[in-house]
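Subject: Structure handover

Hello,

Here is the structure I said I would pass on. My notes on it follow below.

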Amino acid sequence: MRLAYDPSHYRDNTNLKETIDAVARLGYEWVELSPRKDFIWFYEYPKVDKQLIKDLKRYCSDAGVRISSVLPVQQWSSPNEQERQAAVRNWKRCIEITSDLGVDLMNSEFAGDKSRPVESEAAFVKSMEELMPIFEREGIKLNLQSHPNDFIELNTEAIRMIRAFDKDWIKLVYSVAHAFFYDDGIGDVAQHLDEAGDLLAHVLIADTLNHKAAFGLRYIINPPNANVTIHQHLNPGEGEINFEALYRKLREMKFDGIVTNSVFAYPDKPEWSNELTLKSIKEGLYI
């Protein structure tokens with residue numbers, strides 16, 4: 001099992017070297033390279049050259065940290081063809097960067113427009129048809145997660161979409177913080193992992209509250225029924241995820257993929273947050 005850290009707590013106030021050093025200081029051997037302005041940012045073309053790749057490799061070597069995966073988020077499922085083409089162009093560069101870093105895994109989200117799911121699915125399949133030969137040529141695997149407000153939000157639909165490609169190098173990311181979106185407010189984490197079965201390759205650890213609770217009034221939005229999507233990435237124990245059931249199921253499955261600390265809520269006190277979350281993961285998974 002690879003225990004990794006998503007350094008989103010550090011993306012706005014530290015440079016790449018400081019971020020990698022912080023990951024090592026927090027006690028991790030692996031880092032999930034999530035979006036950041038000085039490397040690969042959401043929906044944008046990567047701002048990366050050969051020197052920056054060389055520097056990042058040196059930072060990691062000096063700190064004793066390895067990159068578990070590179071995480072770009074692009075609108076590759078957009079029903080807008082111009083936007084989709086731009087996303088595919090950005091993805092090609094992201095794959096090239098990942099290869100140059102010597103990393104063999106990327107993870108991402110489905111994206112798209114949940115109000116236009118059929119058109120978004122068609123756009124996603126078209127993008128994947130263009131990108132799959134490049135992934136295979138570079139020897140890079142891909143893990144995908146459904147995300148709140150994506151054209152796929154349900155866990156079962158994400159699994160079906162991945163199975164549709166029938167590639168042994170395309171697997172599932174399970175984000176615990178999205179559990180109440182995965183089954184429309186039930187949050188049955190053990191059932192979700194059972195559904196995933198052999199596709200489960202990556203688990204993101206963070207807590208959240210059930211946005212469907214209190215007769216839909218857990219979060220009061222004005223005007224009512226506004227088109228917004230709310231969730232959190234909290235320390236385990238601060239929300240309503242059943243972590244006992246989650247960890248028990250992962251142990252039963254003998255899960256041996258990537259487990260990532262994916263708490264984003266405390267950039268003002270990341271060390272404190274990590275202490276709580278890392279303790280939860282280690283105790284829950286008997287690491």
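A residue counts as partly exposed when its relative accessible area falls between the buried limit, under 20%, and the exposed limit, over 50%. F42, at 26%, is therefore partly exposed. W41, at 17% relative accessibility, counts as buried. Please keep in mind that this is a predicted model.

Aromatic rings

W41 and F42 also form an aromatic pair. The geometry is edge-to-face, with 5.1 Å centre to centre and 75° between the planes. A search of the whole structure gives 15 aromatic pairs. Ring pairs also link W76, W91, F110, F124, F135, F151, F165 and W169 into a cluster.

The loop between β2 and α2

W41 is one of the residues that R36 touches. R36 is in the loop that runs between β2 (30-33) and α2 (50-63). Is R36 buried or exposed? Its relative accessible area is 3%, so R36 is buried. The side chain of R36 has a polar contact of 2.6 Å with the side chain of D38. Not counting residues up to four places away in sequence, R36 touches Y10, R11, T14, N15, L16 and T19 as well as W41.

Strands β4, β5 and β6

Strand β5 (141-145) has 4 of its 5 residues buried, so β5 is largely enclosed by the rest of the structure. β4 (residues 105-109) and β5 run parallel and are joined by 5 bridges. In that pairing, S108 has L144 of β5 as its bridge partner. From β4 the chain passes through α4 to β5, a β-α-β crossover that is right-handed.

β5 and β6 also run parallel, with 3 bridges between them. Here L144 stands opposite L172 in β6. The chain goes from β5 through α5 to β6, and this β-α-β crossover is right-handed.

Helix α5

Which residues of α5 (residues 155-165) are buried? They are N155, A158, I159, M161, I162 and F165. These residues cover an arc of only 160° around the axis, which puts them on the same side of α5. The exposed residues R160 and A164 are on the face turned away from that buried side.

What do the buried residues of α5 pack against? Their partners are the helices α4 (117-138), α6 (179-182) and α7 (189-196), together with the strands β5 and β6 (170-175). F165, one of the buried residues of α5, is also a member of the aromatic cluster. After α5 comes D166, which has a positive phi near 55°.

The loop between β7 and α8

Q232 lies in the loop between β7 (200-205) and α8 (243-252). Its relative accessibility is 16%, so Q232 counts as buried. Two polar contacts involve its side chain: one of 2.6 Å with the side chain of T208, and one of 2.3 Å with the side chain of Y219. Leaving aside neighbours within four places in sequence, Q232 is in contact with A177, D207, T208, L209 and Y219.

P223 is found in this loop between β7 and α8 too. The peptide bond from N222 to P223 is cis, with omega near 0°.

The end of α9

L285 is placed in helix α9 (residues 270-285). At 10% relative accessibility, L285 is counted as buried. Residues up to four places away in sequence aside, L285 touches M1, Y247, L250, R251 and V259. L285 and V259 are 26 residues apart in sequence, and their C-alpha atoms are 9.9 Å apart in space.

Y286 lies in the segment after α9. Y286 is not a glycine, yet its phi is positive, about 60°. Its relative accessibility is 62%, so Y286 counts as exposed.

One further backbone point

D184 is in the loop between α6 and α7. Its phi is near 60°, a positive value in a residue other than glycine. D184 is exposed, with a relative accessible area of 52%.

Regards

Note on methods
Residues numbered from 1 in each chain as written. Predicted model: local features only at pLDDT ≥ 70, side-chain atom pairs only at ≥ 80, totals over all residues. Heavy atoms only, no water. Buried < 20%, exposed > 50% of the residue type's maximum accessible area, 1.4 Å probe, protein only. Helix = DSSP H or I, 4+ residues; strand = E, 2+ residues; numbered from the N terminus. Arc of directions from axis to C-beta. Contact = heavy atoms within 4.5 Å. Pairing = 2+ DSSP bridges. Right-handed = clockwise from strand over helix to strand, strands pointing away. Polar contact = N/O pair within 3.5 Å; in protein donor to acceptor, adjacent residues only side chain to side chain. Phe/Tyr/Trp six-rings, centres within 6.5 Å; stacked < 30°, edge-to-face > 60°.
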